[in-house]
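Colleague: I am new to reading protein models. Can we go through one together, feature by feature?

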Amino acid sequence: MHDIRAIRENPELYEKAWAAKGRSGAAAEAVALDARVRAAQMALQEAQAVRNNASKLIGQAKAQKDEAEAQRLMGEVEAVKGVLVEQAEVEKATSEALQDLLAQLPNIPFPDVPAGESEHDNVEVRRWGEPFAIANPKDHVDLGENLGMIDFEAAARMSGARFVVLKGQIARLERALGQFMLDMQTQEHGYLEVSPPLLVNDAAAYGTDKLPKFADDLFRTTDGRWLIPTAEVPLTSMVMGQIIAEEELPLRLTALTACFRSEAGASGRDTRGMIRQHQFYKVELVSITAPEESEAEHERMVGCAEAVLKALELPHRTMMLCTGDMGFGARKTYDLEVWIPSEGRYREISSCSNTGDFQARRMDARTKKAGEKGTRYVHTLNGSGLAVGRTLVAVMENYQDEKGRIAIPQALHPYLPGLTHIGGA
């Protein structure tokens, strides 16, 4: 959500950002609606003043037994009532239209975000590791099916497309990856582990900018709740409507949860394998900070996600997204992309975003410094630390050998005691 005062004071900044997102003219529309709201509010105040003054004079006229003047003033009050009703309706309808518009407009980028229209304009920040030299690499589907541990057909029979059944040692490997990530983020990076609900209400989905824009990407239950697309939603919503002491910030929260996405806009993309699923596991990272601390916290969060890939010795690169490729709520986003041998390219495995106060305004999450009266909105950040399914794909493909076996990364040995390979000793 945007601060209409900021738009009013600097419409050119917002117009430039929104025009790049295909919403040309939105700043002028917002300013015009705001002017109508304020005009209606002023008309209401003036009409109320007239009514109050007339009501006072009616009492004086009656006290002086001037019935004619009292009747005239009563007629004036009656006429003003119509103005009050009319202007109240205008103010309500116009305020709702303004709020609806602001709810649909994306966040604006920080000044250092590169300009661009698509992923081709993203900027590589750094790269770690060299892609593994694998002759004729198999993809994770062939590897898993040859081992009898991945079953897409069984999943399709019971659930449809974009689901998978994992079995045996690959199921264990997925579980180990999630536990390893959670332990690293809590024990080494200071995140607090949370086990949140997987179903949330409209307020939580709206506050984390999933509604109304992304309703089609979510699964809704028959009682009006939403299955979470990521633990960002419940973790960030923990501060919804709260005033947090600034001395308690930053709050760093993490969770390993199932995530559910309809993939409404993914028709024809990544239809093979586990890259894009309706249900998957992910370790989410969320930070709640004071405004001046969010940029440093963002860099820290990216480092926490990169640490997982480094520990697993998976080649990857870090990309800063351009203005045209950033998500709806982000002011700045880094994507981590891991090397996928079967595709011969890097694929996204984590996205870490600083939303500034965009979500905090929607959910009314504020902070207050001890000894001060005023409050201000917190900044919220979220990122994957990491997507477990995509990490499983990366481990399977990067650690395969010519016999179709999968070596277990050294970092996972404590989580899979006695197991050095999947598919053989």
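Colleague: How many of the 10 residues of strand S8 are buried?

Modeller: First, the ground rules. This is a predicted model: local features need pLDDT of at least 70, side-chain atom pairs count only at pLDDT 80 or more, and totals for chains, interfaces and linings use all residues. Residues are numbered from 1 along each chain as its sequence is written, and side-chain values use heavy atoms, with hydrogens and water left out.

Now your strand. Strands are DSSP runs of E, at least two residues, numbered from the N terminus; helices are runs of H or I, at least four residues. Buried means under 20% relative accessible area, exposed over 50%, partly exposed in between (1.4 Å probe, protein chains only). In S8, residues 251–260, seven of the 10 residues are buried.

Colleague: Which strands are joined to S8?

Modeller: Two strands pair if DSSP finds at least two bridges between them. S4 (residues 192–193) runs parallel to S8, with two bridges. There, Leu192 stands opposite Leu253. S9 (residues 279–289) runs antiparallel to S8, with 10 bridges. In that pairing, Cys259 faces Phe280.

Colleague: Which way do the side chains of a strand point?

Modeller: In a regular strand they alternate between the two faces of the sheet.

Colleague: Why is strand S12 largely enclosed?

Modeller: Seven of the 10 residues of S12 (residues 345–354) are buried, so the rest of the structure largely encloses this strand. S11 (residues 332–340) is antiparallel to S12, over nine bridges. The two form a hairpin with four residues between them. In the turn, Gly344 has a positive phi of about 65°. S12 also pairs with S15 (residues 379–387), antiparallel, over two bridges. Ser353 of S12 stands opposite Thr333 and opposite Asn382 in S15.

Colleague: Is His2 buried or exposed?

Modeller: His2 is buried, at 8% relative accessible area. His2 sits in the segment before helix H1 (4–9). Contact means heavy atoms within 4.5 Å. Beyond its neighbours within four places in sequence, His2 has contacts including Tyr14, Trp18, Phe358 and Arg361. A polar atom of the His2 side chain lies 3.2 Å from the backbone oxygen of Leu105.

Conventions:
A polar contact is a pair of N or O atoms within 3.5 Å; within protein, one must be able to donate a hydrogen and the other to accept it, and residues adjacent in sequence count only if both atoms are side-chain atoms.
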